Amino acid sequence: MVKTAINLPTHQWALLATGAALLTALLMLSMATGAGVYGAAQVFGYFRGDAALLADDKLAMIIHTLRMPRTLAALLVGGSLAVAASLLQSATRNPLAEPGLLGVNAGAVMGLVIGLIYFGVESTQGYLVWSSAGALLGNLVVLGIGLMLGQASPLKLILAGVALSAVFGGLSNYLLLANQTALEQFRFWNLGSLSASELDAVRIITPVVLVALGLAAMLCRQLTLMQMGDSQAKALGIHTTRVRIGVLVASTLFTACAISLAGPIGFVGFLAAYCARLVEPVKLITQMVFSALFGMLFLLAADILARWVIQPFEMPVGTLLAVIGAPVLIAIVLRGGFRSLLTVR
Amino acid sequence: MNTSIPSGVWRLQLGKATVLLHRRTWLMTLLMLITLLLLFVLSVSIGSADMSMREVIATLGGQGSKLHEIMVYKIRLPRVTGVVVAGLAMGMAGCLIQTLVRNRLATPDMVGVNEGASLAVIVFALYLTLGSWPWWASPLGAALAAVALFVLCRRPGEQGYLFIIIGIAISELFNAVGEFAMSTQPLTHLGSVYLWTMGHFAHVSYQTTQPITLILLALCPLMALINRPLALLRFGDATARNLGVNVPLVQLGILGLAILVASLGTAIGGPVIFVAMAAPILASWLTRDNLAPIWLAALCGAVMLMGSDILVRVLAQPNEIPTGIMTRILGGFLLLFLLIKDRQWSD
């Protein structure tokens with residue numbers, strides 16, 4: 001046996017390895033499918049440095065502008081939304097929490113739309129700044145309401161998120177329709193889609209996601225202890241307010257990154273974080289690793305599916321995830337799974 | 001004979017029969033009717049071409065110019081009547097389901113019935129080239145949504161927020177399927193369907209409003225019949241049974257009626273959300289009574305939808321913004337307010 005610094009039970013190691021293997025397989029599949037006649041053989045030949053394939057401009061174009069950016073974006077967006085959901089779930093002690101259901105996604109979209117219309121923002125950095133502002137507003141409102149409602153009503157917080165989504169979504173639709181921007185392009189983006197991802201955007205977003213990940217990792221220990229309740233955590237010397245602010249910042253950054261790259265994608269964070277909690281109910285750092293893995297897996301799989309279901313059209317991946325995620329949400333709510341976080345294990 | 005009359009009530013003697021009328025309720029009904037009439041005239045007078053309210057009244061009285069007649073009858077009235085009928089229907093449906101489930105948030109627009117109705121209309125409009133608006137498909141989708149909801153939650157009255165969350169998940173699902181159906185078509189092909197899914201009344205025609213109005217009118221006697229047992233149901237199933245109400249029959253009747261009315265209301269201008277939730281709340285606030293009569297809730301629905309429609313048209317000039325976007329913004333605030341106010345009610 002190899003002694004490791006991280007103590008994980010064997011079944012979790014096995015799951016991690018399986019997940020990683022599956023992710024690799026999906027990565028290859030994602031690079032090998034899509035518009036264009038090129039299959040797996042050509043794509044891998046290109047990466048191995050096959051001279052004939054390297055000379056093929058069309059193949060290079062397809063790899064660098066279509067398949068690679070959207071594959072990388074799926075990883076970034078899926079991972080971000082999943083870790084954000086894990087953070088929000090433990091901060092609000094609400095197992096249904098996630099940026100989409102809590103209205104943070106809608107807030108980020110509204111921020112981006114305001115930047116787009118009133119300030120003529122066109123760069124990825126600009127998108128990031130404006131969607132961060134919107135996500136921050138959404139987070140502040142929903143976490144504030146969460147504190148006000150107390151932890152006794154997980155379902156009520158979700159309803160507050162629905163109300164918030166309605167307000168933010170209504171406002172952004174209003175602004176967009178009133179300004180006659182490119183509706184066709186926005187409509188697809190507004191449903192959540194990875195098809196328009198660009199390599200430059202991925203390059204800009206990646207460091208931001210890494211910063212947010214670092215922050216999340218720093219918060220893990222305190223958040224784990226805060227599961228026992230604020231007064232207990234305070235007795236252990238944890239600055240609960242400081243931790244909450246940290247969660248606010250990290251969740252804002254994650255959501256803003258995801259929105260800037262792919263538009264609002266709901267349910268993926270919730271699904272990933274929920275599954276991660278089934279794997280590891282207590283230790284948040286392990287939970288987040290699994291959450292990120294599941295988020296990447298789910299979004300990548302959904303994106304491959306979205307390219308494939310209604311060929312030659314493409315389905316917005318957010319729509320596909322809603323079709324899958326909504327029944328799962330129903331099942332969890334009906335089984336009373338939303339109470340599991342409230343019971344002390 | 002000297003019977004005592006409760007305070008706050010008007011006594012009306014019609015031959016041998018005596019009718020007691022709740023003063024506040026009837027005053028408020030009158031107030032809402034007048035408001036609706038005023039908003040109606042105001043709504044007709046607003047538009048890309050100027051027209052004063054006096055001119056509107058003259059034209060409606062048959063004494064306007066030719067141009068005004070065309071403007072009023074061909075362009076503006078279809079929209080305004082569509083808004084009124086849809087608002088009335090939504091208010092009615094909301095009141096029926098809220099009373100049945102005894103939950104203020106349990107309305108067709110929150111629990112997916114409206115989304116189901118609109119999904120059916122979208123599918124029929126996109127995949128069957130019918131040439132006319134398939135408004136009649138809406139009850140199919142609404143019934144589907146309702147069946148799904150009641151299979152999943154057997155006792156909605158006792159499940160509070162759980163029922164609502166399941167309903168919201170169902171509406172997300174229907175919404176996503178609708179988006180999926182639309183994403184297989186190019187936007188130019190979608191045309192007004194896309195705006196309709198957000199709750200838009202600009203393209204409403206008499207061909208849709210007329211049959212729906214007739215059906216709603218035909219349902220009115222049933223409404224009157226159901227108002228009394230509906231009022232008794234709020235004391236709980238057991239009490240209502242003891243008071244001589246056939247509870248399962250009445251419940252089923254109310255449910256069927258509510259679904260039908262909600263889907264017809266949706267068929268006109270699309271799934272306008274929050275009106276069905278807000279209308280009975282306004283009605284019961286006006287009457288200071290937890291349970292307002294159906295007609296008042298219906299009037300409140302019409303007033304609110306008309307108000308939102310006027311607001312969005314005035315604010316967004318010269319653009320056309322779907323009315324449903326305005327109800328979404330206003331209704332979202334209302335829902336937040338209700339949730340915060342209702343702090344002690346946990347799930």
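Guide: pLDDT is the predictor's confidence in each residue, from 0 to 100. Residues are numbered from 1 along each chain as written, and chains are lettered from A in the order written, with ligands numbered from 1. The model is predicted: local features need pLDDT of at least 70 and side-chain atom pairs 80 or more, while totals for chains, interfaces and linings use all residues.

Visitor: What is the mean pLDDT of chain A?

Guide: In chain A, 91% of the residues reach a pLDDT of 70 or more. Taken over chain A, the mean is 84.

Visitor: Over which residues of chain A is the pLDDT below 50?

Guide: The stretch in question has nine contacts in the model beyond near neighbours in sequence, a contact being two residues with C-beta atoms, placed from the backbone, within 7 Å. Where pLDDT is low, predicted coordinates should not be read in detail. In chain A, the pLDDT is below 50 over residues 340-345.

Visitor: How far apart are the end C-alpha atoms of residues 284-305 of chain A?

Guide: Residues 204-224 of chain A are 100% helix and 0% strand, with end C-alpha atoms 31 Å apart. Residues 284-305 of chain A are likewise 100% helix and 0% strand. For residues 284-305 of chain A, the distance between the end C-alpha atoms is 31 Å.

Visitor: At what angle do helix H9 and helix H13 of chain A pack?

Guide: H9 covers residues 199-226 of chain A and H13 covers residues 284-308, and their axes lie 8 Å apart. The contact uses A:Ala216, A:Ala217, A:Cys220, A:Leu223 and A:Thr224 from H9(A), and A:Leu284, A:Ile285 and A:Met288 from H13(A). Axes are lines fitted to C-alpha atoms over the stretch in contact, with angles from 0 to 180 degrees between N-to-C directions. The angle between H9 and H13 of chain A is about 130°.

Visitor: Which helix gives the most to the side of chain B that touches chain A?

Guide: The contact between the chains takes 39 residues from chain A and 34 residues from chain B. On the chain B side, helix H7 (161-183) and helix H15 (323-341) each supply at least two residues. With 14 residues, the helix that gives the most is H7(B).

How values were computed: Helix = DSSP H or I, 4+ residues; strand = E, 2+ residues; numbered from the N terminus.
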